[in-house]
Amino acid sequence: MNTSVLSTDLPQEMKHAVDEAVRLLAAGDVVALPTETVYGLAADALNAEAVAKIFAAKERPSFDPLIVHLPHKKDLDTVADVPEGIVPVIKKLTERFWPGPLTIVLPKKPCVPDIVTSGLPTVAVRASQNLVFNRVARTLDKPLAAPSANRFGSISPTSAAAVKMELDGRIPLILDGGACHHGLESTIIKVEPAAPKPLITILRPGPITPEDLKVFGRVQLASKSKDKPEVPGQLPSHYAPRTPLRIIERPSDFIPEHGKTYALLSYRGEESDGYLGLHEWKAMHILSPGKGKLPEAAVRFFYALRQLDQAGADEIIAEPVAERGLGIAIMDRLKRAASKA
Ligand code: TXA
Ligand code: MG
């Protein structure tokens, strides 16, 4: 299969690209689309055969459910049943964060095929803020199932070029909407009624931080100690480069082996942090030069990881970022990239 990439820069290009994407999606095919988080591989969420093509292209195991993206936030009722006890808090959360990078897990409506939810009684829902994604979703006027547009377990794509690298020859079309605004996947939450405040559990940390959520309820991070992860896709090893990756907590912990080559993923690129001078790095990427801004680091993170993976080093050494706010989501991805389990 030939994979086309269509630009959306000029109004004429945008119209042509959206028309092509809608034509393919309406015919039950898959299309890679930009979102504000990472690129997604989309299909009509209510068409089980179309959704099966997502799993095939990604080589994704069928136990890993997909996120459903609504054309408009008011469409929530078409795919999910909001339990009575959490109607007010869900209304507040969607009013505040949709369209945007917040995914909410809710009881599913029967129209959502089992293949989308891997047989779970719940569905993960969000509404994307990306202009290109919205034009496609709203023209098609159907919910779109879309996981990140990478091979299963691999690094999430934040550009059309990265999608092409991951899925070339496996999908018919990629719409190029430029670099993704956030660069990390959406925050996934579940919400339970509780007194005095609803309980919000973060199943996957992301651009909407615990701090952002805490005005809406009591916020907790999903416990990692549970034997079975609550999010099946949250396997310890995920977002993994082919090159082994190690997080070095303190520069003094790094002792290079003779004859081995290393690449450095630096947070701030500051001499004073102590990582730069440790070694003759084969390649280096700095996530946020200077002061270390977490949003900037998030945007560059998957891009940098992908570049370093291609540098041909024996190992990637990663500096930790500050584990607060958006840093929680970055460290979540970094730890999974480092895990071999
Ligand atoms: O930002 C994003 O969320 C991107 C863009 C494309 O929207 N999508 C994304 O999808 O990251 P994916 O498939 O790579 O990750 C979706 C995660 C998986 O870990 C999956 O297990 C979890 O959502 N998930 C889906 N349905 C769920 C459910 N019913 N209950 C719990 N977790 C669920
Ligand atoms: Mg993914």
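**Helix packing**

A: In this predicted model, helix α1 passes helix α6 in a right-handed crossing. Helix α1 comprises residues 11–26 and helix α6 residues 131–140; the two pack at an angle of about 50°, with their axes 9 Å apart. Angles under 35 degrees count as roughly parallel and those from 65 to 115 as roughly perpendicular, and α1 and α6 are therefore oblique to each other. On the α1 side, the contact is made by M14, K15, V18, A21, V22, L25 and A26. Helix α6 contributes L131, V132, R135, V136, T139 and L140. By class, this contact of α1 with α6 divides into ten nonpolar, one polar and two charged residues.

A second pair is formed by helix α9, residues 294–309, and helix α10, residues 326–338. The axes of α9 and α10 come within 9 Å and cross at roughly 20°. Since angles under 35 degrees count as roughly parallel, α9 and α10 are therefore roughly parallel to each other. The crossing of α9 and α10 is left-handed. From α9, the residues in contact are L294, P295, A297, A298, F301, F302 and L305. They meet L326, G327, I330, R333, L334 and A337 of α10. The contact of α9 with α10 holds eleven nonpolar residues, together with one polar and one charged residue.

In summary, the α1 and α6 pair is oblique with a right-handed crossing, whereas the α9 and α10 pair is roughly parallel with a left-handed crossing.

Methods: Residues numbered from 1 in each chain as written. Chains lettered and ligands numbered in written order. Predicted model: local features only at pLDDT ≥ 70, side-chain atom pairs only at ≥ 80, totals over all residues. Heavy atoms only, no water. Axes fitted to C-alpha atoms, helices over the stretch in contact; angles between N-to-C directions. Helix = DSSP H or I, 4+ residues; strand = E, 2+ residues; numbered from the N terminus. Parallel < 35°, antiparallel > 145°, perpendicular 65-115°, else oblique. Left-handed = near helix turned anticlockwise from the far one by under 90°. Contact = heavy atoms within 4.5 Å. Nonpolar A, V, L, I, M, F, W, Y, C, P; charged D, E, K, R; others polar.
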